Amino acid sequence: MTSDQSAPARRPQPTDGCDTETSKSQAETEKAISQLFETVFEARKPITLARNTHLNWLIRFLVQGFPQRYMSQDASQPWLLYFLLQSFQTLGIAFDPDTKKKAVKTILARQHPDGGFGGGPGQFPHLLATYPSVCALAIVGSPGPEGGWDQIDRQKMYRFFMSLKQPDGSFLVSRNGEVDVRGTYCLLVVATLLDLITPELVAGTYDFLRSCQTYEGGFSAASQPYFSPATPPELLPEPRPYLGEAHGGYTSCAVASLMLLRPVVTTSTSGSLAPFPGIDSSNLLRWAVMMQGNAFEEGGGFRGRTNKLVDGCYSWWVGGLFPLIEEMLGEASGESLHTEGDRYADATEPEEDDWADSEDSFFDKEALQRYTLIAAQQSTGGLRDKPTAPADAYHTLYNLAGLSSAQHRVFLSKKRTEELRGTWVDNDGFVPTKEPILEPGEVERPSSTAPDAASTTGSSIAESDEQRRLRRRETYAEALAWVEDEGASHYIGGEGNRVNATHPLFNLTMTSSRAVMGYFYKQA
C-alpha cells in the first residue's frame with residue numbers, strides 16, 4: 001500500500017461483546033493510528049523521515065540538557081546519553097572532537113572505584129548502567145590518555161562481573177539486586193566488546209538462558225533455580241520454571257546473549273551449538289511473527305507481549321530479532337539474495353510488484369517502515385511509543401533502530417567470518433588477575449578467610465593456551481562478521497529516508513563495533 005492509494009476500511013479488533021479497559025485502549029490506539037494513515041494517504045504526499053527536525057530535537061537535549069520531566073531518570077544518566085549518541089549515529093551524524101571529549105569525560109565520571117559504571121557520579125555500579133556507558137564510549141571514545149578506552153578498568157570490571165555471578169549461571173544486575181536476562185545481556189555485550197569473556201564468567205549461562213524460554217516461544221525475565229534438599233544444596237538441572245511471560249525486551253536480550261555465547265561454548269566443548277540445543281527456534285519465530293500488528297489498524301508496528309498495544313520501541317526489540325532468529329534456523333546462508341539495482345521503493349512512484357517476493361523476510365518490513373514514518377514521528381521532533389504518547393529519547397533511538405532493521409538485511413556472513421579468522425593476529429589479550437572478590441566495604445580479606453579458586457577472578461575452569469586463542473578468535477570473528485547486504489536494502493519513501501545499518505547484537509553501528517573490538521582484541 002502506497003501513499004497514493006486509498007486507505008482500506010478499518011476493521012477494529014473484535015471484543016466478543018465484552019468491552020474491557022484493554023479493549024478500549026486497543027480501540028483508541030487503532031483509531032489514532034488509522035486516522036494518521038488516512039490523512040497521509042488522502043494527502044497523496046511522500047512519506048518522509050523528518051531528519052532535520054529530529055536532529056534539532058537531539059541537539060537541543062545534548063547541548064541544553066534534558067527537561068525537568070526526566071528527573072525521575074537520574075539513575076539512568078548513561079542511558080540518556082547513549083540514546084542521544086546512538087540516535088545521531090543511526091541518522092549518519094559524526095561528532096566534532098569537543099563533543100567527543102565532553103561525552104567521554106561525562107561517562108568516565110560514572111565509573112565506580114570497584115569496577116563497572118553507575119547511573120550517575122557516586123552511584124553504585126549496575127549492569128544496566130555499564131552497558132550504555134561502554135556503548136557510548138564505543139561511539140565517542142578512542143585510545144589514548146583522554147580517549148576513554150584506556151581509562152576503562154577492565155580488571156575491576158571483570159571482578160565486578162564475577163561478584164554478580166549466581167550458581168545457576170545467571171547474574172544479579174547489581175550487588176543485592178535481582179536476576180534479569182537484560183542484565184545478562186548487558187554483561188555479555190560489554191564482556192564481548194572489551195575482550196573480557198572467559199569460560200569461568202559464562203559457566204552455566206547458556207542453560208540459564210535456555211530455561212527462560214516460555215511455552216509461547218519468547219523469553220521471560222528469569223527462571224527459578226532448583227536445588228536439592230541436601231546440605232549444602234546442589235543445583236539441579238531440571239526443572240527450572242520460567243518466571244513471567246514472554247516479553248519483547250527479554251526475548252531480544254536472551255536471543256542476542258545466546259548468539260554471543262555460541263563461540264565460547266562451542267570452542268569450550270569442541271562441539272556445535274547449531275541448532276542451539278534446548279531452544280525451540282521455530283516456536284520463537286512463531287511468537288516473534290505474531291507480535292507484529294496488522295498493517296492498517298495497528299500500522300504494522302510491534303507489540304512486546306501477547307494482547308498488548310503496539311509500541312515503537314519493539315520495532316527494535318522484536319523487529320531487530322529476525323536476523324538472529326534466521327541465523328538460529330540456518331536461514332541466513334546466502335551472501336546476497338538481491339541485485340544492486342533493486343534498492344528502494346519510492347512511495348510516490350510505486351511499481352506494481354515492488355515488494356512482491358522482494359526478499360525472504362519473516363516480517364512485513366514495509367509495514368514497519370510505515371509505522372515508524374507515519375505513526376511514530378512527532379512533528380516537533382523525536383519519535384514516540386504511539387500517536388497517543390509524547391516523544392522521548394528512549395523511543396527515538398529504538399524507533400530508529402527498528403527502522404534500520406526494516407530497511408536493511410543484516411546477516412552473519414560465512415565469507416566475512418573466514419576473512420576475520422584469516423587475518424587474526426595472535427596476542428595475549430586480557431588475562432584476569434587472581435584477586436579475591438571483596439564484599440562492599442571490605443578493604444582486604446585476611447589470609448585465614450581467603451576464598452577458594454571458585455570465588456576469585458582467576459579462571460577456575462581449565463583452558464589451554466590453544467583453547468583460549470581459539471575462543472578469543474572465534475568471539476571476535478563471529479561478532480564482527482555481521483554484514484549488510486546492500487543489494488537488499490529497501491527505503492519506503494525513497495533513499496532520503498535511509499538510516500545506517502545497526503549491529504543486531506550490540507545496537508551500535510558496524511563502524512563503532514569494528515573500531516572498539518579491533519582495539520581491545522589488538523587487531524587494529
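Me: What is the relative accessible area of L309?
Reply: In this predicted model, local features need pLDDT of at least 70 and side-chain atom pairs count only at pLDDT 80 or more, whereas totals for chains, interfaces and linings use all residues. Residues are numbered from 1 along each chain as its sequence is written, and side-chain values use heavy atoms, with hydrogens and water left out. L309 is placed in the loop between α11 and α12. The residue counts as partly exposed (buried is under 20% relative accessible area, exposed over 50%, partly exposed in between, with a 1.4 Å probe and protein chains only), because its relative accessible area is 26%.

Me: Which residues does L309 touch, not counting residues up to four places away in sequence?
Reply: A contact requires heavy atoms within 4.5 Å. The residue E298, 11 residues from L309 in sequence, has its C-alpha atom 8.5 Å from that of L309. With residues up to four places away in sequence not counted, the contacts of L309 are S25, Q26, T29, R303 and K386.

Me: Is N307 buried or exposed?
Reply: N307 belongs to the loop between α11 (281-290) and α12 (314-317). Its phi is positive, about 65 degrees, although N307 is not a glycine. Because the relative accessibility of N307 is 65%, the residue counts as exposed.

Me: What is the relative accessible area of D195?
Reply: D195 is another residue other than glycine with a positive phi, near 65 degrees. Its place is the loop between α7 (181-193) and α8 (199-202). D195 is buried, because its relative accessible area is 3%.

Me: Which residue does a cis peptide bond join to P232?
Reply: P232 is found in the loop between β2 (226-227) and β3 (235-236). The omega angle of the cis bond is about -5 degrees, and the partner of P232 in this bond is T231.

Me: What is omega of the cis peptide bond that joins E238 and P239?
Reply: P239 is located in the loop between β3 and β4 (242-243). The cis bond joins P239 to E238, and its omega is about -10 degrees.

Me: How far apart are the C-alpha atoms of L85 and A136?
Reply: L85 is part of helix α3 (residues 77-90), and its relative accessibility of 0% is why it counts as buried. Leaving aside residues up to four places away in sequence, L85 touches F95, A136, I139 and V140. Along the chain L85 and A136 are 51 residues apart, while their C-alpha atoms are separated by 6.8 Å.

Me: Which residues in α3 do L55, L58, I59, F61 and L62 meet?
Reply: These five residues, from L55 to L62, lie in α2. Across the contact, their partners in α3 are L81, L84, S87 and F88.

Me: How is the aromatic pair of F83 and Y398 classed?
Reply: Rings of Phe, Tyr and Trp (its six-membered ring) pair if their centres lie within 6.5 Å; planes under 30 degrees apart count as stacked, over 60 as edge-to-face and the rest as tilted. A search of the whole structure finds 26 such pairs. The ring centres of F83 and Y398 are 6.0 Å apart and the planes stand at 75 degrees, so the pair is edge-to-face.

Me: How many residues apart are F83 and Y398?
Reply: F83 and Y398 are both buried. They also belong to one aromatic cluster, whose members include W79, Y82 and W317. Their pair links distant parts of the chain, F83 being in helix α3 and Y398 in helix α15 (residues 393-407), at a separation of 315 residues.

Me: What is the angle between the planes of F160 and F161?
Reply: F160 is buried because its relative accessible area is 1%, and F161 is buried because its relative accessible area is 0%. The two rings form a tilted pair, with 6.0 Å from centre to centre and a plane angle of 40 degrees.

Me: What percentage of the residues of the protein count as buried?
Reply: The protein has 18 helices and six strands; these are DSSP runs numbered from the N terminus, helices being H or I with at least four residues and strands E with at least two. Among contacts between residues at least 6 apart in sequence, 75% join residues at least 24 apart. Of the 524 residues, the part that counts as buried is 55%.
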